[in-house]
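Here is a short report on a protein and its charged side chains. Look at the sequence and the structure, then read on.

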Amino acid sequence: MPKSPANNLLLFGATGDLAQRMLLPSLFGLDGDGLLPPALRIIGTARSDLDKASFRAAAAASLERYIDADRRTPELVERFLGRLDYVQVDVSEPSQFSRIGAALGSTDDSLAIFLSTAPSLFRPTIEGLASAGLTGETVRMALEKPLGTDLATSREINDAVAAAFPEDRTFRIDHYLGKETVQNLLALRFGNSLFEPLWNSTGIEHVQITVSETVGLEGRAGYYETSGALRDMVQNHMLQLLALVAMEPPSAFQAGAVRDEKVKVLRSLRPITRETVLAETVTGQYKEGAVGGAPVPGYLDELGRPSDTETFVAVKAHVDNWRWKGVPFYLRTGKRLPTRRSEIFIQFKGVPHSIFAARGATVRPNKLLISLQPEENIRLLLMTKQPGLDREGIRLREVPLDLGMANAFADTRRRIAYERLILDLLEGDPTLFVRRDEVEAQWEWIDGIRDGWAANAMVPKSYGAGTWGPSAAIALTERDGVSWYE
């Protein structure tokens, strides 16, 4: 695999929301810290009829909106905008790809390509790049999700990519893997001797993973109707988090070793079948309600037509291997929920015998909460004795030990997840990107769930916007004597 930094970055979909909101601000942050290759050129391309000056003006507006004023000095902005170029290309017209080649000039320098377009455009884009001689041995390709709607379409996309880019030059993005706290999960597990001896079915009772959103469709009705919560969130982000929680210790923090262990977890997921899907999954669709004290319409009102697309899903999953046999993993995600948060909650098993029970004290199991957003934080809940002379019995209290990332590293700027991923792409490090066999293992499990829904004619249950989903989601855990962490 090439290790030399890329000297050219080609952004497809450069006028889209992701580029304006995340990619360009991330590139500016890297440039401001002197982390981009000195000679790097950033070439945006899209169908929009723009020239270099108008693209730079749009980028400047994006920086003004998303970058703090104290970091947005005129010198840094001018330097960054000087890296930008723009080429108008309609990817359905193969002849237009020659414009990119002309803008790049020599293709001997390594090239990184970031494809942030509709999946239907992946194949014509790659074929166009190949026809223009832009798929050589020094070219790396990054793909933004969605990578298909099921296993079959995912394979079609991956086959189209593999025709021009072998696996070691293909970088599939899951932006959650760029989050600092997600990477800190590996440090927490494998950099400390405290947790790993308990990180199994002997020490852990259950695991919860929640990714909740307060927003509704946000103008993404076309995409969301073909996706739904299961494919939009569970198939990628949540299964990646599950794999990181459940993986065996890799031999090294290197791409092959880390991704090998993740694949083992994904292949160990117990299939959810037509017979078990009713007991192990819940789907919901929000109706009108209130979020943050403001009234909001229901999904069908926003969509403007009938639909059985789920905006909420809860799943009880199992990893059938020696480490995790019998430990349930509860996953839930949805739109128009009370708060926006992404977190991993791990409840350890209680002490085998409480020496304090006879003195009136209640001992609760230890809990570990790893928060990814909106604030990055790691919290360990421990039992401690409440101060006093204990004449009326001993009182124990659950007390949190917090590692707030913002406080612990107050002198370090919190980075956008894409900063890490873009830099890794430019440097050719695939560790935090998703390998093809990971994607396909995820889709195989998801397809089983969707097949079960179809076979049982499951339709989403209504839930009020601003609530934690349908009541059946509570029952999913309560049947096991477990409550969702809220």
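Does Asp-451 count as buried, partly exposed or exposed? Asp-451 counts as partly exposed, at 33% relative accessibility. Buried means under 20% relative accessible area, exposed over 50%, and partly exposed in between (1.4 Å probe, protein chains only).

This is a predicted model, in which local features need pLDDT of at least 70, side-chain atom pairs count only at pLDDT 80 or more, and totals for chains, interfaces and linings use all residues. Residues are numbered from 1 along each chain as its sequence is written, and side-chain values use heavy atoms, with hydrogens and water left out.

**Overall build**

The protein has 16 helices and 17 strands. These are DSSP runs, numbered from the N terminus: helices are H or I with at least four residues, strands are E with at least two. The C-alpha atoms fill a box of roughly 80 × 50 × 45 Å along the principal axes. Of the 486 residues, 52% are buried. Take contacts with a separation of 6 or more: 79% of them join residues 24 or more positions apart. A contact means heavy atoms within 4.5 Å.

**Charges and salt bridges**

The protein carries 56 positive and 63 negative side chains. Lys and Arg count as positive, Asp and Glu as negative; His and the chain ends are not counted. The centres of the two sets lie 5 Å apart. Each charge is placed at NZ of Lys, CZ of Arg, CG of Asp or CD of Glu.

Side chains of opposite charge can pair when their charged atoms come close. The structure holds 28 salt bridges. A salt bridge is a side-chain nitrogen of Lys or Arg within 4 Å of a carboxyl oxygen of Asp or Glu. Three of them are listed here.

| Pair | N to O distance |
|---|---|
| Arg-21 and Asp-17 | 2.9 Å |
| Arg-189 and Glu-196 | 3.3 Å |
| Asp-451 and Arg-274 | 2.7 Å |

Asp-451 lies in helix H15 (residues 436–455), and Arg-274 in the loop between helix H10 (255–268) and helix H11 (277–280), so the pair ties together parts 177 residues apart in sequence. Arg-274 is partly exposed, at 46% relative accessibility. Elsewhere, salt bridges that share partners join Arg-155, Asp-159, Arg-436 and Glu-440 into one network.

Arg-21 and Asp-17 sit four residues apart in helix H1 (residues 17–32), which means about one helical turn separates them. Arg-21 is partly exposed, with a relative accessible area of 32%. Asp-17 is also partly exposed, at 48%. Arg-189 and Glu-196 are both buried.
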